[in-house]
Amino acid sequence: MNRFIQIHLLTSYPPSNLNRDDLGRPKTAILGGANRLRVSSQSLKRAWRTSDVFKETLADNLGTRTKEKGVQVYDKLIGNGVKEKDAKEWAKDIAGVFGKLQKEEKKKENKDDKKEDTDKKPKDLKIEQLAHFSPEEESAIAALTDTLISEKRKPKKEELDLLKQSNTAADIAMFGRMLASAPKYNIEAAVQVAHAITVHKVAVEDDFFTAVDDLNNYEDDAGAGHLGDTEFGAGLFYLYICIDRNLLLSNLNEKKELSEKTLAALLQSATTIAPTGKQNSFASRARALYCMAEKGNQQPRSLHTAFLKSIETRNVLQKSIEELETMKSSFDSIYGDSSEGHKSFDVSKKEGSLQELITFIQED
């Protein structure tokens with residue numbers, strides 16, 4: 001079996017703000033001495049993992065990442081007649097299996113504050129860090145909760161063995177899981193995703209906008225009802241993905257059919273799904289214009305070096321494809337073949353297809 005699958009994508013986004021920093025500006029990076037737009041790997045993986053492509057293709061093989069599991073269990077217990085004190089204790093027992101729980105902050109009484117705290121739920125049921133629950137763990141939690149409700153008792157120590165080393169969560173198998181309190185249940189990610197960067201230098205621009213008050217008759221004020229500004233950028237992005245196919249299969253308990261479905265969902269989402277940031281403002285939906293997939297047992301390598309020198313030409317797509325393929329050829333000439341084979345599609349030339357690439361990466 002070819003161990004590594006490498007995917008190289010070129011996707012053009014029109015004016016957009018897909019992935020913001022702490023100031024609300026599009027994220028950037030310096031590469032080759034030039035400022036580039038950037039979309040983080042976290043943003044990309046989140047968009048893919050929650051996409052309809054994943055939900056439709058992988059259906060019952062997706063996990064849930066949350067801090068709120070204890071709250072969910074508590075609500076179910078309360079909703080089925082368990083006393084509040086018991087519900088809190090039992091929910092904490094279950095949620096605590098997956099990580100350290102948050103401490104409930106003691107509020108100082110303020111006589112002048114007449115507002116009532118309408119949220120009566122305990123604050124210490126949430127896990128401190130996001131925990132990724134597999135379908136098997138979700139089922140185990142649900143079954144134990146039902147047992148506690150029907151038998152009206154606290155969970156036994158042996159019943160709290162809820163963590164599973166073997167699971168069928170495709171997203172956990174791809175992107176990994178870390179549980180600080182139970183490291184033996186950690187899962188190493190089989191898919192590595194680079195930050196997407198533009199192949200050319202960019203300047204982040206400002207968009208000043210106004211909104212009109214529809215009921216304003218302009219008798220007293222002829223100005224806008226709202227003034228605002230947002231920042232954006234546009235560009236052709238290069239994205240690199242590396243997949244350890246052996247590890248993916250191992251993470252999925254050697255389920256070959258599920259592994260193939262996972263690969264298909266990953267490639268389809270990577271080529272068709274955009275991050276959701278500011279989509280209502282910019283409608284920056286896009287699909288990959290070029291994709292090259294490689295597979296083999298050779299040590300993987302990114303081809304971002306093709307763009308160390310910023311692409312400065314009107315025909316930026318064609319030039320980028322040429323530079324990408326030239327860099328691949330250059331690596332091969334120095335180090336030997338970087339893969340056992342490769343296949344690509346090019347939208348501008350109507351060559352290849354997404355389905356051909358999916359079939360290519362699924363085959364041993």
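Reader: What makes up the lining of the second largest pocket, by class?

Author: There are five nonpolar, four polar and three charged residues in it. Nonpolar covers Ala, Val, Leu, Ile, Met, Phe, Trp, Tyr, Cys and Pro, charged covers Asp, Glu, Lys and Arg, and everything else, Gly included, is polar. The lining itself is A47, T50, S51, D52, V53, T272, I273, A274, T276, R285, A286 and R287. So A47 and V53 go down as nonpolar and D52 as charged.

One caveat: this is a predicted model, where local features need pLDDT of at least 70 and side-chain atom pairs pLDDT 80 or more, while totals for chains, interfaces and linings use all residues. Residues are numbered from 1 along each chain as its sequence is written, and side-chain values use heavy atoms, with hydrogens and water left out.

Reader: Why is that space called a pocket, and how much of it is there?

Author: A pocket is an open set of points on a 1 Å grid over the protein atoms alone, where a 1.4 Å probe fits and protein lies on both sides within 12 Å along at least five of seven lines; lining residues have an atom within 4 Å of a point. The volume, the space filled by probe spheres on those points, comes to about 240 Å³ here.

Reader: And what about the largest pocket?

Author: That has about 490 Å³ of space. Of its 22 lining residues, R65, L130, G176, R177 and M178 sit closest to the centre. Helix 1 (41-49) gives the most, with four residues.

Reader: How do you know that helix 5 is a helix, and what is its span?

Author: A helix is a DSSP run of H or I with at least four residues, and helix 5 (residues 135-151) has 17, so the label holds. First C-alpha to last, helix 5 reaches 24 Å, close to the expected 24 Å, which is 1.5 Å times one less than the number of residues. Just after helix 5, K152 takes a positive phi of about 50 degrees.

Reader: Why is R245 called buried?

Author: Buried means under 20% relative accessible area (exposed is over 50%, partly exposed in between, with a 1.4 Å probe and protein chains only). R245 has 3%, so it counts as buried.

Reader: What does R245 touch?

Author: Beyond its neighbours within four places in sequence, R245 is in contact with M1, N2, R3, I5, L263, I361, Q362, E363 and D364, contact being heavy atoms within 4.5 Å. The R245 side chain also reaches the backbone oxygen of I361 at 3.1 Å.

Methods:
Helix = DSSP H or I, 4+ residues; strand = E, 2+ residues; numbered from the N terminus. Polar contact = N/O pair within 3.5 Å; in protein donor to acceptor, adjacent residues only side chain to side chain.
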